[in-house]
Amino acid sequence: MNRGRLFVISGPSGAGKSTVCKKVRIDLDINLATSATTRSPREGEQDGREYYFLSVEEFEKKLENNEFLEYANVHGNYYGTLRVEAESRLDRGENVILEIDVQGGIQIKEKFEKACLVFFKAPSEKVLEERLRGRGTDTEEVIQLRLKNSLKEMEYEDGYDHVIVNNTVDSSVLDLIDLIKKEGNWQ
Ligand code: 5GP
């Protein structure tokens, strides 16, 4: 049996990746790995659905036990992909999406040569800032930090296999579905 394919979706915060990935998961009935993080839940987020929300101690314990495929410190918090969220599914021939930052994307490419790396970006810096503010869930300090990091993340675009410009959620969902249909394992 062929192994499933790993799809890594990265790009600046506020580019709209999460919304698009959630829709693609439903439309394509594809696995979207739930990451672990030490950041606090935002309003409406549930443990085990958006993320596994862990304390720093819990996260570091899992790190010691080699439970992560990759991990990174993003905007001052730990984020990581748990092996159990991906490995057995890939072995069963299923495709898996990871929505992770660029540092994680690079680690995945080193371990999984065949991973398909997709870079999501907002149409412009101005739109990116508007989207970050429009979310209304972060403080000004957090928004400024995320904006600064976003500009740094843009430098990684060249290392990615594909780029999707997130003009609207609907157009990006269609672009990502097309790409996964073409590049995924469907046998
Ligand atoms: P947020 O706090 O807005 O949910 O996510 C912040 C950033 O962390 C986003 O760029 C997101 O893609 C990234 N991220 C989420 N989960 C993971 C993960 O498991 N590993 C890594 N490296 N980054 C992650």
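Tutor: Two strands pair if DSSP finds at least two bridges between them. Keep that in mind for this structure, which is a predicted model.

Student: What makes S8 and strand S9 a pair?

Tutor: Four bridges join S8 to strand S9 (residues 162-165). The cut-off is at least two bridges, so S8 and S9 count as paired. The two strands run parallel, and Lys-121 stands opposite Val-165 in S9.

Student: How do you know that strand S1 pairs with S8?

Tutor: By the same test: four bridges join S1 (residues 6-10) to S8, and at least two are needed. S1 and S8 run parallel. Ile-9 stands opposite Val-118 in S8.

Student: Why is strand S8 called largely enclosed?

Tutor: A residue is buried if its relative accessible area is under 20%. Six of the six residues of S8 (residues 116-121) are buried, so the strand is largely enclosed by the rest of the structure.

Student: Which residues show that both faces of S8 are covered?

Tutor: Cys-116, Val-118 and Phe-120 are buried on one side, and Leu-117, Phe-119 and Lys-121 are buried on the other. In a regular strand, side chains alternate between the two faces of the sheet.

Student: Which residues of H1 and H7 make the contact?

Tutor: From H1 they are Thr-19, Val-20, Lys-23, Val-24, Asp-27 and Leu-28. H7 contributes Val-169, Ser-172, Val-173, Leu-176, Ile-177, Ile-180 and Lys-181. These contact residues divide into eight nonpolar, two polar and three charged.

Student: What makes strands S4 and S5 the edge strands of their sheet?

Tutor: The sheet is open and has four strands in the order S4-S3-S6-S5, with mixed pairing. S4 (51-53) and S5 (68-74) each pair on one side only. The twist averages 25° from one strand to the next.

Student: How do you know that S3 and S6 meet the cut-off for pairing?

Tutor: S3 (residues 35-37) and S6 (residues 77-82) are joined over two bridges, in the antiparallel sense. At least two are required, so S3 and S6 count as paired. Within this pair, Ala-36 has Gly-80 of S6 as its bridge partner.

Technical notes. Residues are numbered from 1 along each chain as its sequence is written. This is a predicted model: local features need pLDDT of at least 70, side-chain atom pairs count only at pLDDT 80 or more; totals for chains, interfaces and linings use all residues. Side-chain values use heavy atoms; hydrogens and water are left out. Contact means heavy atoms within 4.5 Å. Ala, Val, Leu, Ile, Met, Phe, Trp, Tyr, Cys and Pro count as nonpolar, Asp, Glu, Lys and Arg as charged, and the others, Gly among them, as polar. Buried means under 20% relative accessible area, exposed over 50%, partly exposed in between (1.4 Å probe, protein chains only). Axes are lines fitted to C-alpha atoms, for helices over the stretch in contact, and angles run from 0 to 180 degrees between N-to-C directions.
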